[in-house]
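Please work through each task before reading its solution.

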Amino acid sequence: MRWKNSYEGLDALVAERGSALLGTAVLLAGSRAAGEDLLQAALERLVRHWSRVRGDKEGYLRRTLYHLAVDQWRSRRRRPEVLAEVEPPGQPDGTDAVHLRHALVQALATLPPRQRAVLVLRYWEQLSEAEAAEVLGCSVGTVKSTASRALARLRELTAAWAAEDVQAWNGAGK
């Protein structure tokens with residue numbers, strides 16, 4: 001009974017926003033297991049500081065999530081990062097969409113940490129440039145230039161896919 005009163009709203013936050021938060025964590029961490037661990041660590045911090053957090057609890061949780069992800073990236077800078085293959089959930093509209101999503105998540109995982117974080121914030125979380133800059137603790141110009149470089153790199157990576165598709169299609173018609 002005492003727990004219920006002291007953490008009022010936590011159940012609703014996790015029930016309503018848990019899957020969206022997990023999706024963000026998975027993209028930031030590079031795998032489902034690492035994303036679950038990242039979200040768990042962020043939730044632990046939120047619970048520890050629950051009484052001191054004023055206003056938007058989800059915003060605090062998201063900032064904590066991004067900061068923990070950046071901390072992990074910084075600690076991995078000295079040792080190579082090995083990303084496990086990500087298996088995204090299936091979609092009922094066909095296997096092509098699943099393969100495309102899997103390939104895009106793998107391409108995203110090849111980007112440097114800051115570029116990955118900017119793309120996740122801007123296009124997955126749909127934050128504005130100013131909001132992304134605030135979460136990452138950098139300037140709006142840094143968010144813009146990092147997003148530009150990240151998108152250019154993704155275009156390079158995905159350009160090979162289009163060439164492979166054309167070759168496969170031409171080969172199938174012979």
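**Exercise 1.** Determine which residues of H5 and H6 meet, and describe the geometry of the two axes.

*Solution.* Step 1: Arg101, Leu108 and Ala109 in H5 meet Arg116, Leu119, Val120 and Trp124 in H6, where contact means heavy atoms within 4.5 Å. The model is predicted: local features need pLDDT of at least 70, side-chain atom pairs count only at pLDDT 80 or more, and totals for chains, interfaces and linings use all residues. Residues are numbered from 1 along each chain as its sequence is written, and side-chain values use heavy atoms, with hydrogens and water left out.

Step 1: The axes of helix H5 (residues 95–109) and H6 cross at roughly 135 degrees and come within 9 Å. Axes are lines fitted to C-alpha atoms, for helices over the stretch in contact, with angles from 0 to 180 degrees between N-to-C directions; helices (H or I, at least four residues) are DSSP runs numbered from the N terminus. H5 is therefore oblique to H6 (angles under 35 degrees count as roughly parallel, over 145 as roughly antiparallel, 65 to 115 as roughly perpendicular and the rest as oblique).

Step 2: The contact of H5 with H6 comprises 5 nonpolar, no polar and 2 charged residues. Here Ala, Val, Leu, Ile, Met, Phe, Trp, Tyr, Cys and Pro count as nonpolar, Asp, Glu, Lys and Arg as charged, and the others, Gly among them, as polar.

**Exercise 2.** Classify the packing of H2 against H6.

*Solution.* Step 1: Helix H2 (residues 10–29) packs on helix H6 (residues 113–124) at about 150 degrees, and their axes are 9 Å apart. H2 is therefore roughly antiparallel to H6.

Step 1: On the H2 side, the contact includes Ala20, Gly23 and Thr24, and on the H6 side it includes Arg116 and Trp124. By class, the residues are 7 nonpolar, 2 polar and 1 charged.

**Exercise 3.** Classify the packing of H2 against H3.

*Solution.* Step 1: The angle between H2 and helix H3 (residues 32–48) is about 135 degrees, with the axes 8 Å apart. H2 is therefore oblique to H3.

Step 1: Among the contact residues are Leu10 and Leu13 of H2 and Arg32 and Glu36 of H3. The contact has 15 nonpolar, 2 polar and 2 charged residues.

**Exercise 4.** Identify the charges that lie over ring faces.

*Solution.* Step 1: Lys57 lies over the face of Trp50, at 4.4 Å from the ring centre. The criterion is NZ of Lys or CZ of Arg within 6 Å of the ring centre and within 35 degrees of the ring normal.

Step 1: Arg122 lies over the face of Tyr123, at 5.6 Å from the ring centre.

Definitions and conventions
Helix = DSSP H or I, 4+ residues; strand = E, 2+ residues; numbered from the N terminus.
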